[in-house]
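Welcome! Here is a short tour for anyone meeting this structure for the first time. Take a look at the sequence and the fold, and then we will walk through some of the strands and the annotated regions together.

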Amino acid sequence: MALIFYGDADSTFLNVQESNFKRFVEVGRVVLLKSGPSAGNIAVITEIIDHNRAMIDGPTTNVPRQSYPFKHLTLTPIKLTKLPRAAGTGVVKKQFEKEGIVAKWTSSGWAQKRAAAEKRRSLNDFARFNVMLQKKQRTDVVRKAVAKAKKA
């Protein structure tokens, strides 16, 4: 937890306020890649190089160990615990599998929304037509149920 202190050294009191930020760039943080050949996959930060780049590795998600700029990463709320700095691919893979990171990611709402959007994007014209018909049918069923509930 990060705390922000307001006031100077001569102050008799300090105003303590909890930070709004919950995701920090840190070793062990799971990130989503926004661009590049592995875009859409997750990886973990294994080392912070400088204020612009980090070393990432995703041994179970087909992301090779590489330097990656922060502007092409999105921090997720998932974090690997007890990951040492500059951990090798083998150590990262063991931790990934031990903590079930891929399962946590795929069960998260964020990943499910991304998968649904990708599925919608891949539909052809006929599939979109079928989706429209199913939505009409569902709306009709809901409308009839609401009308029946109002009468009762």
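Predicted model: local features only at pLDDT ≥ 70, side-chain atom pairs only at ≥ 80, totals over all residues.

## A pair of strands to start with

Between β4 and β5, four residues make the link of a hairpin.

## On to the next hairpin

β5 also pairs with strand β6, which covers residues 63–69. This pairing is antiparallel too, with five bridges. Here Arg53 stands opposite Pro69 in β6.

β5 and β6 form a hairpin, and four residues lie between them. In that turn you can pick out Asn62, whose phi is positive, at about 60°.

## Two annotated regions

An unreviewed UniProt entry places the annotation "domain: KOW" on residues 27–56. Over that stretch the chain is 53% strand and 0% helix. The C-alpha atoms at its ends are 9 Å apart.

The unreviewed UniProt entry also carries the annotation "domain: Large ribosomal subunit protein eL14", for residues 64–138. What is the make-up of the chain over residues 64–138? It is 60% helix and 17% strand, and the end C-alpha atoms are 45 Å apart.

Notes
Residues numbered from 1 in each chain as written. Heavy atoms only, no water. UniProt positions renumbered as here; feature names shortened; annotations may be inferred. Helix = DSSP H or I, 4+ residues; strand = E, 2+ residues; numbered from the N terminus. Pairing = 2+ DSSP bridges.
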